[in-house]
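Subject: Structure handover

Hello,

Here is the structure I promised you. Please open it next to this email and follow along.

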Amino acid sequence: MKNLVILISGSGSNMAAIVQTAQREDWAHRLNARVSAVISNRADAPGLAFAQSHGMETAVVDHKAFSNHATPREAFDAALMAEIDRHQPALVVLAGFMRILTAGFVAHYAGRLINIHPSLLPAFGGLNTHQRAIDAGCRFAGATVHRVTAELDHGPILAQAVVPVLVDDTAQSLSARVLAQEHLIYPQAIRQLLLA
Ligand code: GRF
């Protein structure tokens, strides 16, 4: 069985879309794959309750617990890796996971680590993507599923979705339009990786 581990920090709506697609499409039987754990760096991430109510194992590795450490980022990543590796995952899926990962973490999961970013990469890496797209006068925006490499928001692109930017769009309205597409392309991209 191929195990997927999903990392979240917040609402976890992409995680929920993946879990629901996997259950609806019966990935366990059809792809020999399952979401084996949802891990958050925040105990108060709303997505954790959804995961638990859908039968997922959940765990919290709180980044703040490592702030007094000599190398907090490395210590947090080591603890996170230990938690992830209990599941021997075929894929580690970042879904709104708001921590920058160390090069060591990225190397450890080389070829198994993917992310979704709310812009049409390579445009608008980083934060605040929707407002930046509106401010730049973009007519189109979107989302990108990509492999994770050591450089933030730069890995090879696996899937993209495009939406129009409307004249009266705010960052919030654009973000909702993009997020609806994220919920379609992320499960699709994962399915394709599992079939490859
Ligand atoms: C999404 O827009 C995703 O692209 C970005 O963070 C947001 C997470 O939303 N990386 P959710 O937690 O999946 O609802």
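This is a predicted model: local features need pLDDT of at least 70, side-chain atom pairs count only at pLDDT 80 or more; totals for chains, interfaces and linings use all residues.

Residues are numbered from 1 along each chain as its sequence is written, and side-chain values use heavy atoms, with hydrogens and water left out.

**The strands**

Start with strand β1, residues 2–8. Helices (H or I, at least four residues) and strands (E, at least two) are DSSP runs, numbered from the N terminus. Six of the seven residues of β1 are buried, so the strand is largely enclosed by the rest of the structure. Buried means under 20% relative accessible area, exposed over 50%, and partly exposed in between (1.4 Å probe, protein chains only).

Which strands pair with β1? Strand β2 (residues 33–40) runs parallel to β1, joined by seven bridges. Strand β4 (residues 91–94) is also parallel to β1, with four bridges. Two strands pair if DSSP finds at least two bridges between them. Look at V5: its bridge partner in β2 is A37. L4 stands opposite L91 in β4.

**The ligand**

A polar side-chain atom of S11 is 2.6 Å from an oxygen atom of the ligand. For G12, a backbone N or O atom lies 2.8 Å from a ligand oxygen. The side chain of S13 has an N or O atom 2.5 Å from an oxygen atom of the ligand. The protein covers 82% of the 360 Å² of accessible area that the ligand has on its own. Those areas come from the Shrake-Rupley method with a 1.4 Å probe; for residues, only the protein chains shown count as cover.

H117 lies in strand β5. Is H117 buried or exposed? It is buried, at 4% relative accessible area. A polar atom of its side chain lies 2.7 Å from the backbone oxygen of F124.

A176 is in helix α7. A176 is partly exposed, at 46% relative accessibility. A176 and G96 are 80 residues apart in sequence and 14 Å apart in space, C-alpha to C-alpha.

Best wishes

Terms used:
A polar contact is a pair of N or O atoms within 3.5 Å; within protein, one must be able to donate a hydrogen and the other to accept it, and residues adjacent in sequence count only if both atoms are side-chain atoms.
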